Amino acid sequence: MKPPPLVRQSLGVAGRYLPAIVLLALLVAGWEAWIRVFDTKPYVLPAPSRIWRAFLEIRGTLPGHLRTTSTEAVYGLAWAAVVGVALAAIMATVPLVRRVLYPLLVVSQTIPMVVLAPILIVGFGFGMTPKIVVVALVGFFPIVVSTVEGLTGADREMVDLVRSMGANRLQVLRHVLIPWATPAFFSGLRIAAAYSVVGAVIGEWMGASSGLGIFITRSQTAFRTDRVFVGIVLIALMSIVLFAAVEVLARLASPWMYVTKTEEHQ
Amino acid sequence: MTGGGIDVHGLRHTFSGAAGDVQALDGVDLAVPGGTFATVVGPSGCGKSTLLRILAGLLIPGAGEATIDGETVIGAPGRSAYMPQKDLLLPWRRALANATLGAEVAGISHAEARQRARALFEPFGLAGFEKAWPSQLSGGMRQRLALLRTFLLPAGALLLDEPFGALDAITRREMHRWLQDVWLADRRTVLLITHDVEEALFLSDTVSVMSPRPGKMVAHVPVPFARPREGSIVTSPDFVALKAKLLAALDAAGTG
């Protein structure tokens with residue numbers, strides 16, 4: 001007897017992530033044991049149990065920080081997507097613009113954000129704006145690169161086929177180029193999403209009144225390493241949630257990419 | 001729907017590339033009366049596909065005239081139903097939506113296009129696969145879907161570039177009988193390109209032979225067999241004799 005689809009699906013998901021979860025559990029257990037055996041000072045490296053206690057102690061203040069950082073990350077990502085796609089569209093259409101901008105974009109990526117962030121604060125103040133700008137700057141590069149590749153890599157013969165039907169440029173764009181580039185855009189957006197929370201945190205280090213970045217900085221100056229780790233874990237969790245959200249969007253926008261071979265009809 | 005005739009006069013084309021110029025067509029003449037099935041056979045690389053791309057309005061030739069139903073098609077896509085060698089189904093569209101692509105481009109109402117497409121899934125042997133993604137279809141089904149999409153285009157002339165080239169011999173023979181049936185049902189003008197002489201004879205009213213590059217027409221052979229033709233016709237003495245004649249013309253073109 002086969003289990004019902006939902007159960008089978010959940011079993012499949014559990015089976016996929018089980019090894020990773022087991023490894024993580026082993027690492028945490030080993031960490032806890034190490035601290036207890038060697039009696040490491042908590043301000044050097046706190047035990048997982050101590051980090052958990054620190055979390056319970058300060059959980060009341062966390063939602064505010066989480067809201068600030070997640071807002072910055074999501075807004076920054078949205079800006080990166082809008083600006084990235086617009087720039088990619090121009091670069092894909094005008095070869096001259098592509099040749100001029102590509103090297104500049106690569107050079108722009110070699111400037112460390114830690115150097116750029118203070119300059120942005122001078123320009124945009126201490127509010128959320130400079131952090132959103134940092135996230136957008138970090139995220140728009142992978143989006144531009146993969147979207148340009150997607151738009152220019154479309155199958156020429158497919159474009160010709162649609163043209164032979166009498167399609168104008170706009171129809172070619174709509175029926176071939178955009179769907180062709182959609183999966184590429186999402187692989188760029190996935191990378192951008194993975195970096196967006198870290199981008200927001202770096203922005204907050206340079207000066208902020210709320211957010212996980214400033215929470216970590218304050219905890220560090222107070223030698224509360226356990227709280228620093230609470231911040232780190234929250235950053236990781238937030239990144240995972242954002243990444244998963246992009247994955248869901250990608251599946252909705254390009255369902256044909258996720259057709260399983262088991263459904264194949266012969 | 002009876003289609004308009006295809007007329008080609010003195011078509012010449014040369015491709016210029018980094019490796020030098022390649023003359024693909026050298027004065028091609030061809031006349032396909034409306035509502036008939038014509039085939040061009042020729043060796044690989046003789047410029048057959050170039051001829052079809054010009055007729056589809058995708059490629060502007062160096063010289064010459066090409067009209068469908070009396071209207072020029074030079075640089076004017078959208079006047080014929082063109083089917084390239086590859087099926088080129090759009091992977092992001094399910095089978096039914098792939099079939100209605102041409103209608104959508106032509107601005108025909110969505111509901112009407114879907115209704116017409118749905119009605120053709122049965123005769124094209126695709127019933128029940130309306131919602132399948134192209135990646136879920138077999139090679140033969142993909143090819144039939146590409147043909148269905150071509151048949152649905154609101155054009156009087158069909159241009160088919162080796163539509164069965166990628167299929168195995170058995171599926172191919174099946175597709176020949178089936179294409180004859182669907183073509184007899186609406187009698188549009190067809191210009192088929194192939195290098196398979198048997199396919200050409202089984203399906204066509206006339207077969208034209210093209211020389212190797214630079215391509216030009218070297219023989220026009222009428223095919224007198226009554227329709228509908230049975231699959232067994234390919235072993236009849238008359239068919240075999242005509243096949244021998246065509247192969248001889250191809251050989252003569254190759255050495256000449």
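1. A word on terms before we start: helices here are DSSP runs of H or I with at least four residues, numbered from the N terminus. Please also keep in mind that this is a predicted model.

2. With that in hand, have a look at the end of H8(A). Just after this helix, A:Gly207 adopts a positive phi of about 140 degrees.

3. The helix itself deserves a look too. H8(A) has 37 residues, yet its end C-alpha atoms are only 47 Å apart, short of the 54 Å that a straight helix would reach at 1.5 Å a residue. At A:Leu177, H8(A) bends by about 40 degrees, and a proline, A:Pro179, follows within four residues.

4. Next, A:Tyr195, which sits in helix H8 (residues 169–205) of chain A. Is A:Tyr195 buried or exposed? A:Tyr195 counts as buried because it has 22 C-beta neighbours inside 10 Å, and the cut-off for buried is 20 or more. Leaving aside residues up to four places away in sequence, A:Tyr195 touches A:Val138 and A:Gly139. As for A:Glu32, 163 residues from A:Tyr195 along the chain, the C-alpha atoms of the two are separated by 29 Å.

5. Finally, the two chains. On the chain B side, 24 residues are in contact with 20 residues of chain A. Helix H3 (residues 101–105) of chain B gives the most to that side, with three residues. By class, the side of chain B that touches chain A has 17 nonpolar, six polar and one charged residues.

Definitions and conventions
Residues numbered from 1 in each chain as written. Chains lettered and ligands numbered in written order. Predicted model: local features only at pLDDT ≥ 70, side-chain atom pairs only at ≥ 80, totals over all residues. Contact = placed C-beta atoms within 7 Å. Helix = DSSP H or I, 4+ residues; strand = E, 2+ residues; numbered from the N terminus. Nonpolar A, V, L, I, M, F, W, Y, C, P; charged D, E, K, R; others polar. Buried ≥ 20, exposed ≤ 12 C-beta atoms within 10 Å, placed from the backbone. Expected span 1.5 Å × (residues − 1). Bend = angle between axes of the 7 residues up to and from the residue.
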